[in-house]
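Please examine the chain shown below.

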Amino acid sequence: MRDGDDQNRARQAARERGAKVLKDLMTRAGVAKFADLERRSKLAEVKLSDQTISNALNAKVTIRDSTVRNFIDACLYEQSGNPRLAGDRMTVPFWKARYDHAVGRDSAAGLVRIGREELPPAPVVFVDRPDVEQLAAAVDAGESVVLTPHQPRTPDPGTANKADGAKSANPGGGGKEQSAGVRVLSGMGGVGKSQLAAHYARQVWDDESLDLAIWVSARDASAVVTAYAEAAARVLGADPRRPEQAAGRLMSWLSTTTWSWLIVLDDVQLPSQVQQWWPDPTAAGQVIVTTRYRGEGLNGHGRRIVEVGLYTPEQARDYLQRRLADVPHLYSGPDGRTPAVELLDGLAADLGWLPLALAHAAAYLLLEQDLSVQDYRDRFQDNRTALSTLFPHLDESPDPYLGTVATTWQISMDLAARLAPGGLVPVVMLLASLLDPNGIPRAAFTAKAVTWLLEHMLERDVPEREVWSVVRKLHRLSLLTVDLDTAHSAVRVHALVQRATRDNIHNADKLAPTACAAAVALVEIWPSEDRDLNLAATLRSNTQALEHVAAPVLWASPGYHVLLRAGRSMNDVGPVHDAVNYSRRLATDAHTHLGPDHPDTLIARANLAVARRAAGDPAGAATAFAELLTDQNRVLGHDHPHTFTVRNHLAVSQAEAGDPAGAATALAELLTDQTRVLGPDHPDTLTTRNNLAVLRRAAGQPARAADALAELLTQQIEVLGPDHPNTLAARGNLAISQAQSGDPAGAATAFAELLIQQIKALGPDHPNTLTARKHLALARAEAGDPAGAATALAELLTDQIRVLGPDHPDTLATRNHLAVTRAKAGDPAGAATAFAELLTQQIKALGPDDPDALTTRSNLAIARAKAGDLAGAADAFAELLTRQIKALGPLHPDTLATHYDLAVAWAEAGDLAHAMETLNALLPAQSAVLGPKHPGTLATYNYLANCLEKIRRGET
């Protein structure tokens with residue numbers, strides 16, 4: 001009986017303690033009698049039983065959870081201004097926890113909330129992202145989350161949601177997942193990790209099914225210990241004056257309690273600092289961790305990583321539209337009224353789709369409403385404008401971000417410097433901030449020029465492994481991203497992190513040598529021949545980025561040579577029209593910074609002329625080369641190798657512009673001079689021999705050209721090697737000469753062998769490889785397989801559009817060959833379709849009146865006629881005639897020929913009257929321009945007679 005008596009006394013004591021808590025609440029709430037409590041319960045829409053409450057206040061019963069909550073709700077109704085219920089005392093969780101603790105329930109955690117003041121408030125505009133659902137689903141499933149950084153390549157609008165299985169490459173999130181348990185939300189500063197975690201925490205903060213919730217800014221362990229100690233004091237009665245012991249008690253309790261809990265460790269700097277305070281997952285509790293750190297330290301029992309990235313372009317547009325909804329005039333179109341969302345898309349792209357930056361930019365625009373979105377973009381794109389002047393001060397921004405891009409950057413930079421002492425961190429970060437944010441080759445960080453820079457600045461030896469170790473540490477802190485799966489773009493840095501890095505250079509003397517070292521490093525790692533197109537594109541992008549931020553420095557040092565190397569790469573394997581624009585600007589800049597007679601200015605002018613010829617302007621190129629040659633003779637001398645090179649280009653341009661005889665003479669003279677000065681085996685001498693043989697072939701001497709090319713090929717293999725691009729080009733020219741000499745089958749075999757070697761030496765996408773595929777297909781057509789050739793050309797066209805672009809001259813030429821080959825294969829309808837597609841592309845690239853476009857119009861009309869579409873053919877000829885009259889004049893021989901073709905088309909379509917009217921109008925012009933006995937004039941007389949005969953026979 002004694003044990004039973006003890007238990008009864010313990011229960012009675014618990015009931016008395018519980019009654020004391022309830023009476024304390026009534027007193028503080030000013031509830032003097034039960035009738036007042038009943039009135040409040042009705043207003044608060046909660047149910048209370050008179051008898052149950054009476055028994056509880058008299059310490060006769062312990063009331064259930066739901067009744068306790070209803071009692072507290074009734075007491076707290078309309079008490080928001082009561083000073084005796086300030087702070088947590090105005091919350092249901094506080095009083096529920098006190099009552100549960102008093103009566104000795106295992107749910108002692110009650111509804112305790114720690115860190116409410118640190119929980120970020122809701123943003124003005126919240127963008128729903130896939131990470132929100134991922135986070136909620138994981139926690140609901142009893143897992144815990146680590147939000148960690150995901151920094152993909154800068155997204156392309158409309159393509160940013162690319163995913164690969166469980167991995168997502170989209171900047172909007174949804175990243176790599178690991179095992180269930182703790183979840184870690186990680187990301188570079190400003191991607192919204194804390195906002196995502198806070199969004200979830202706000203949703204569950206007042207959920208009565210969650211007994212304990214702790215939010216702590218966990219930049220160091222002391223903040224975590226303090227928060228845990230406070231929770232332990234309230235839940236377990238621990239002594240808060242001994243915080244580590246109290247926090248330890250809480251950790252033990254979390255591992256065994258059956259009541260639900262949530263802990264958010266926000267902005268963990270290093271996992272090792274909070275490792276002992278990171279609870280293991282249980283069936284009852286979850287942990288959410290946000291961090292910029294990436295590395296092995298995040299892995300652990302039951303932790304799942306969620307990588308948080310940038311907004312997608314669509315999410316960024318949605319955010320800006322909603323945030324600027326009240327000021328649409330700031331991004332209006334030309335009419336001043338209609339919103340132009342492309343301006344918002346451009347702003348988002350300028351800011352790299354970084355949520356923090358978008359929030360600051362929107363706040364700035366709202367504060368400075370006389371500044372349009374375009375004005376803001378103009379200021380931002382000016383590298384002289386500091387980021388601090390483009391974002392509002394924190395006390396002026398309504399969005400609850402704890403820092404600017406610059407401050408979040410500085411926190412990580414300071415930590416990186418502590419993790420990697422020795423002075424490398426700021427220099428390596430500055431180097432990365434000058435190059436392409438979307439991908440910097442790993443070799444650039446360890447090039448000789450960079451090593452020299454580091455050793456010069458630090459005055460000590462700097463081994464390669466130390467540099468790369470620093471790069472890896474910067475990766476772990478999300479200042480940059482190392483991706484070894486992409487061979488040529490191993491390191492990526494967000495553009496705003498780069499901008500903040502450059503803005504924070506306190507010693508301006510560091511920028512110039514670092515930029516110069518970066519330029520020399522790019523030249524150092526750039527292969528002499530652009531055989532790897534991806535590497536070439538990566539190096540050009542890095543050059544462009546470096547020029548954008550440091551052009552004056554480059555032109556004042558040897559660093560500008562990287563600009564010339566990029567121009568040569570653009571001419572060799574880049575988009576032709578981009579090459580023209582780049583080379584024109586480069587020539588102008590060289591003239592300005594180096595002077596008109598500097599040898600490198602002359603090289604820049606030569607590159608521009610080469611680009612013009614490749615883009616389809618051989619006449620303009622010939623003029624430019626002739627002018628350049630005059631200056632080179634004066635500055636460099638007649639026998640300088642660069643002068644010889646320009647003479648070669650001039651002759652080739654003259655041939656393509658319609659003067660093959662003059663070009664052949666010029667090349668023969670050049671060959672004599674090169675042999676005398678450079679020698680017969682010099683690569684430039686061999687190039688001239690190749691070009692001279694090609695001109696002979698074009699002049700109708702394919703056999704002689706073949707003999708010359710065969711002899712040249714033997715010498716090139718010996719001097720340059722079998723895989724040299726010039727050797728492969730000579731093999732291709734020899735095969736073309738075979739085809740024109742009447743051996744298309746032999747040419748096809750030669751091109752097939754050449755193609756194998758080019759793929760091996762240059763890769764499948766190199767322009768020279770694509771050209772070999774074209775010649776192989778054409779040789780097959782001439783050898784009697786036009787259908788197979790058409791199939792091969794169609795496949796080639798797809799690859800050329802992908803590699804060269806739809807407007808490249810080679811792509812347009814392949815479209816033309818495809819159409820002609822389809823016609824030869826007996827497919828006039830397919831030919832007409834191909835000509836129509838070619839015409840559309842030519843109009844876009846060249847203009848509607850370009851000579852090539854006019855030729856295609858003629859071919860299209862002929863193909864339609866052969867396909868039986870006589871009306872369509874007549875329409876095409878009519879359109880062509882209109883264009884030719886405008887471009888060539890009404891009496892041009894081509895215009896007269898089209899006039900005749902149009903009349904024939906009308907006649908074939910059954911409109912003899914219209915045809916005869918056209919022929920009668922045509923005859924006087926033909927007689928005057930061509931002469932009465934010209935075959936064209938006689939053909940018109942003949943066809944007119946045929947029309948009259950058909951009319952006489954009644955065939956109208």
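**A helix pair and its surroundings**

In this predicted model, a contact joins helix 17 to helix 20: Lys448, Ala449, Val450, Leu453 and Met457 of helix 17 meet Pro513, Thr514, Ala517, Val520, Ala521 and Glu524 of helix 20. By class, the residues of this contact comprise 8 nonpolar, 1 polar and 2 charged. Two packed helices are described by the angle between their axes and the distance between the axes. For helix 17 (residues 448–458) and helix 20 (residues 511–525), the angle is about 155° and the axes lie 7 Å apart. Because angles over 145 degrees count as roughly antiparallel, helix 17 is roughly antiparallel to helix 20.

The chain in which this pair sits has 40 helices and 11 strands. Of its 956 residues, 52% are buried. Among contacts in the chain with a separation of 6 or more, 68% are between residues 24 or more positions apart.

Just after the helix, Gly868 adopts a positive phi of about 90°. The buried residues of helix 36 are Ala853, Leu854, Thr856, Arg857, Ser858, Leu860, Ala861 and Ala863. Their cover includes helix 35 (828–846) and helix 37 (870–887).

Most residues other than glycine have a negative phi. Which value does phi take at Asp267, which is not a glycine? At Asp267, phi is positive, at about 60°. This residue is located in strand 7 (residues 261–268). Asp267 has a relative accessibility of 11% and therefore counts as buried, since the cut-off for burial is under 20%.

Trp353 likewise is a residue other than glycine with a positive phi, here near 60°. Its place is in the loop between helix 12 (341–350) and helix 13 (355–367). Is Trp353 buried or exposed? With a relative accessibility of 5%, Trp353 counts as buried.

Technical notes. Residues numbered from 1 in each chain as written. Predicted model: local features only at pLDDT ≥ 70, side-chain atom pairs only at ≥ 80, totals over all residues. Heavy atoms only, no water. Buried < 20%, exposed > 50% of the residue type's maximum accessible area, 1.4 Å probe, protein only. Helix = DSSP H or I, 4+ residues; strand = E, 2+ residues; numbered from the N terminus. Contact = heavy atoms within 4.5 Å. Axes fitted to C-alpha atoms, helices over the stretch in contact; angles between N-to-C directions. Parallel < 35°, antiparallel > 145°, perpendicular 65-115°, else oblique. Nonpolar A, V, L, I, M, F, W, Y, C, P; charged D, E, K, R; others polar.
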